[in-house]
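We will go from stop to stop, selecting a few residues each time.

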Amino acid sequence: RNLESIIIPKFIYFIGDYAFRRCEKLKSILFSNESSISSIEMDAFAFCSSLESIIIPKFVQSIKKYAFYGCNELKSIIFL
């Protein structure tokens, strides 16, 4: 719950259900430039109430239901 930023390394292929749910201080998520991530699963970032923006890597093929639910400060999502 006290995470403020996350760097997702290149060998992560998906972000699982509820992985960062309720990380209320999380403001930024950075993906490696060589990211292989293909899926952001259900509720992965739900209720990350401080999250303001995220850049989705080009290889992401699916974003599951409620992945960003309750992210009330989320102002931008950029898809590469």
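You will find Phe11 in the loop between β1 (5-8) and β2 (14-15); strands are DSSP runs of E, at least two residues, numbered from the N terminus. This is a predicted model, where local features need pLDDT of at least 70 and side-chain atom pairs count only at pLDDT 80 or more, while totals for chains, interfaces and linings use all residues. Residues are numbered from 1 along each chain as its sequence is written, and side-chain values use heavy atoms, with hydrogens and water left out.

Next, pick Lys10 and Glu34. Their side chains meet in a salt bridge at 3.0 Å, N to O (a side-chain nitrogen of Lys or Arg within 4 Å of a carboxyl oxygen of Asp or Glu). The pair links distant parts of the chain, 24 residues apart: Lys10 sits in the loop between β1 and β2, Glu34 in the loop between β3 and β4 (39-40). Lys10 is partly exposed, at 30% relative accessibility.

Now move to Asp43 and Arg21, another salt bridge, whose closest N and O atoms are 3.0 Å apart. Asp43 belongs to the loop between β4 and β5, and Arg21 to the loop between β2 and β3.

Finish with Glu73 and Lys75, which form a salt bridge at 3.2 Å, N to O. Here Glu73 is partly exposed at 37%, and Lys75 is exposed at 63%.

Conventions
Helices (H or I, at least four residues) and strands (E, at least two) are DSSP runs, numbered from the N terminus. Buried means under 20% relative accessible area, exposed over 50%, partly exposed in between (1.4 Å probe, protein chains only).
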